[in-house]
Amino acid sequence: MPATKKNNARYIPIFIGWSLLWIFIQWNVLLKFGLTETEAIVDSYISNILLGASCFLVFNNMKYYLPKQEKYWFIIAISFVLSCCWLLLVRLILWAIFKNDEHYISTLHQSSTVRFGFAFLMIGCMSTISLLWHTQRDILKTDEQQKEILQLAKDAELFKLRQQLQPHFLFNSLNSISALTATQPEKARHMIQQLSDFLRGTLKKDDHHKNSLEEELQYLELYLDIEKVRFGHRLQTVIDVEENIKQMELPSLILQPVVENAIKFGLYDTIGDVVISITAKKINDELEVTVQNPFDPETAQPLQGTGFGLASIKRRLFLLFARQDLLQTKTENNYFITTIIIPQAI
Amino acid sequence: MKCIIIDDEPLARMMVKEYLQSYPDIELVQECNDGFEGVKAIQQHQPDLIFLDIQMPKINGFEMLELIDNPPQIIFTTAFEEYAIKAFETHAVDYLLKPFSKERFDKAIQKSLQQKEKATTNTHELIETASQSAVQSNRVVVKDGGKIKIIPVAQIQYVEAADDYVKIHTADGVFLKKKTMQFFEDSLQQQQFIRVHRSYIINAQLITRIDPHEKESHLVLLSTGTKLPVSKTGYAKLKEVLGI
């Protein structure tokens with residue numbers, strides 16, 4: 001993650017500045033204790049550089065190992081151990097350099113407790129900061145993953161909803177083609193062409209893709225042509241679209257399943273010719289498409305009105321626009337009316 | 001040998017018609033658009049064989065079969081795979097999945113001819129199971145004089161035994177159907193309908209009052225004003241369903 005690396009780099013000057021501040025403080029304090037200029041500088045540099053290294057070590061370690069339980073004991077223990085090691089090392093190095101200077105050695109000896117306390121606090125602070133830092137980063141990471149998973153699930157669901165092409169439609173169409181091949185091969189070929197175009201449309205991958213009303217109507221026309229071959233004169237359609245709204249947008253392939261539902265409802269619930277009316281209007285800057293089919297209120301099965309076809313369209317609209325009111329149905333006299341509302345991006 | 005094609009798609013009928021041309025012995029006497037025409041045509045022509053689609057306007061293929069007294073041999077032709085098992089369990093001659101080939105069609109005809117020789121097809125059994133699915137779909141199809149009536153289950157007030165028939169009482173009148181009480185008891189939704197007596201199954205939604213009557217029996221009053229007897233076991237069932 002390049003962003004995080006950049007973020008980390010931002011803190012390096014602070015870290016160095018902090019170390020320099022303490023080098024300066026320690027140098028001054030040591031001078032007050034009567035050490036020479038050289039001794040004070042060497043001592044404070046060595047102590048603080050080693051301390052800085054210890055802190056850096058703690059921070060880096062936590063990148064790979066983050067205690068999940070007993071966090072505070074872990075911090076205390078690691079600070080204690082590191083401080084001990086640090087003190088030993090500092091004393092060893094300084095002793096090696098100044099072993100002939102008795103005054104210095106005795107000062108070093110006397111200040112060991114203070115030095116240890118100081119290192120313990122510093123490393124303790126650093127490990128607490130590292131712990132919080134890394135925990136925070138983990139949480140962000142999990143959050144991101146969660147979001148990604150949700151998005152994937154949503155995409156998958158949208159894809160599935162759009163893919164719910166009725167297999168019966170396909171098989172019945174193939175049967176019609178089969179029937180046409182012997183007597184009207186030209187018509188059969190034409191229908192194969194239309195069916196292929198229709199299927200190609202359903203295979204498009206992008207679920208968030210929008211089509212203009214014009215494109216959707218063309219696709220719908222393709223579907224209606226196929227259905228009209230299947231059902232002959234029984235199926236008639238009336239399409240009424242305001243001229244100036246053809247460029248309004250709607251989710252791809254949302255119209256066809258609404259019409260398919262209306263056709264099935266109309267054709268299987270009544271006898272005789274069926275007229276399906278499709279109207280598109282612009283209302284309050286939203287696109288409203290109404291599909292109307294006849295039905296018989298006495299025998300209509302209660303389930304059909306909210307059948308699977310419409311439920312999945314409603315779900316799809318909800319996933320895309322986060323609104324539950326975009327698909328509505330009502331009955332008027334002997335007509336069943338489905339309305340979908342498509343909000344337009346501004 | 002006479003046959004009838006019942007399918008709502010003209011091209012699907014054309015397909016069968018074309019395949020039938022290689023069988024001069026099989027005479028196609030009529031083509032039907034839907035189940036209503038189908039019932040009439042079957043009564044009129046008494047065919048030996050019918051080609052039957054399942055999804056059709058108003059009443060489906062199974063519901064249509066319920067309305068026929070002496071059903072002929074049946075070959076289902078449909079794009080719906082899901083009814084196949086049921087149809088085979090119940091001795092339909094064959095089940096052709098659209099689109100089907102001439103070879104597959106020939107096989108179905110062979111089967112039909114073989115079965116005709118043996119004459120052992122138990123078509124009644126087919127219809128019994130078939131109609132069970134019809135009731136589970138929330139409606140009952142009956143013949144009302146010359147007409148066919150579709151009764152949504154919710155509109156049934158009560159079902160009464162009458163010899164070989166049952167009487168289905170609704171607000172629109174009483175309809176006869178050749179079925180057993182047991183059949184209706186099994187197939188009507190358990191919650192809404194209760195068999196309160198050997199001869200009665202009532203719609204529990206309509207119960208307004210239950211009164212004691214003679215020893216160990218009760219009378220139930222429906223919101224339609226009808227009073228019906230309740231047996232001892234029927235009363236136990238009522239108590240269980242209504243939670244009293």
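Predicted model: local features only at pLDDT ≥ 70, side-chain atom pairs only at ≥ 80, totals over all residues.
Strand 9 of chain B, made of residues 165-170, is joined to strand 10 of chain B by five bridges, and the two pair in the antiparallel sense. Along this pairing, B:H169 stands opposite B:V174, a residue of strand 10 of chain B.

How confident is the predictor in chain B? The mean pLDDT of chain B is 85, and 89% of its residues reach 70 or more. Within chain B, confidence is highest in strand 1, residues 2-6, at a mean of 96, and lowest in helix 6, residues 123-136, at a mean of 55. For the complex, the predictor gives an ipTM of 0.72 and a pTM of 0.67.

Chain A comes next, and it holds 11 helices and seven strands. Of its 346 residues, 28% count as buried. Among the contacts in chain A with a separation of 6 or more, 76% are between residues 24 or more positions apart.

Chain A also has an open sheet of five strands, in the order 2-4-5-7-6, and here the pairing is mixed. Strand 2, residues 235-241, and strand 6, residues 327-332, of chain A stand at the edges with a single partner strand each, so one side of each is left without a neighbour in the sheet. Neighbouring strands of this sheet are turned against each other by 15° on average, with direction ignored. The partner of strand 2 of chain A is strand 4 of chain A, residues 274-283; the two run parallel and are joined by seven bridges. In this pairing, A:I239 stands opposite A:I278 of strand 4 of chain A.

Two helices of chain A lie across this group of strands. Helix 8 of chain A, residues 213-231, lies across strand 2, strand 4 and strand 5 (286-294) of chain A, and runs at about 165° to strand 2 of chain A. Helix 9 of chain A, residues 255-269, lies across strand 2, strand 4, strand 5 and strand 7 (335-342) of chain A, running at about 20° to strand 5 of chain A.

After strand 7 of chain A comes the segment that holds A:A345. Is A:A345 buried or exposed? A:A345 is exposed, because 5 other C-beta atoms lie within 10 Å, and a residue counts as exposed if that number is 12 or fewer. Although A:A345 and A:E286 are 59 residues apart in sequence, their C-alpha atoms are 9.3 Å apart in space.

Finally, the two chains meet where 20 residues of chain A are in contact with 21 residues of chain B. Which elements give two or more residues to the side of chain A that touches chain B? They are helix 6 (167-183), helix 8 and helix 9 of chain A, and helix 6 of chain A gives the most, with 10 residues. By class, this side of chain A has nine nonpolar, nine polar and two charged residues.

Methods
Residues numbered from 1 in each chain as written. Chains lettered and ligands numbered in written order. Pairing = 2+ DSSP bridges. Helix = DSSP H or I, 4+ residues; strand = E, 2+ residues; numbered from the N terminus. Axes fitted to C-alpha atoms, helices over the stretch in contact; angles between N-to-C directions. Contact = placed C-beta atoms within 7 Å. pLDDT = per-residue confidence, 0-100. Buried ≥ 20, exposed ≤ 12 C-beta atoms within 10 Å, placed from the backbone. Nonpolar A, V, L, I, M, F, W, Y, C, P; charged D, E, K, R; others polar.
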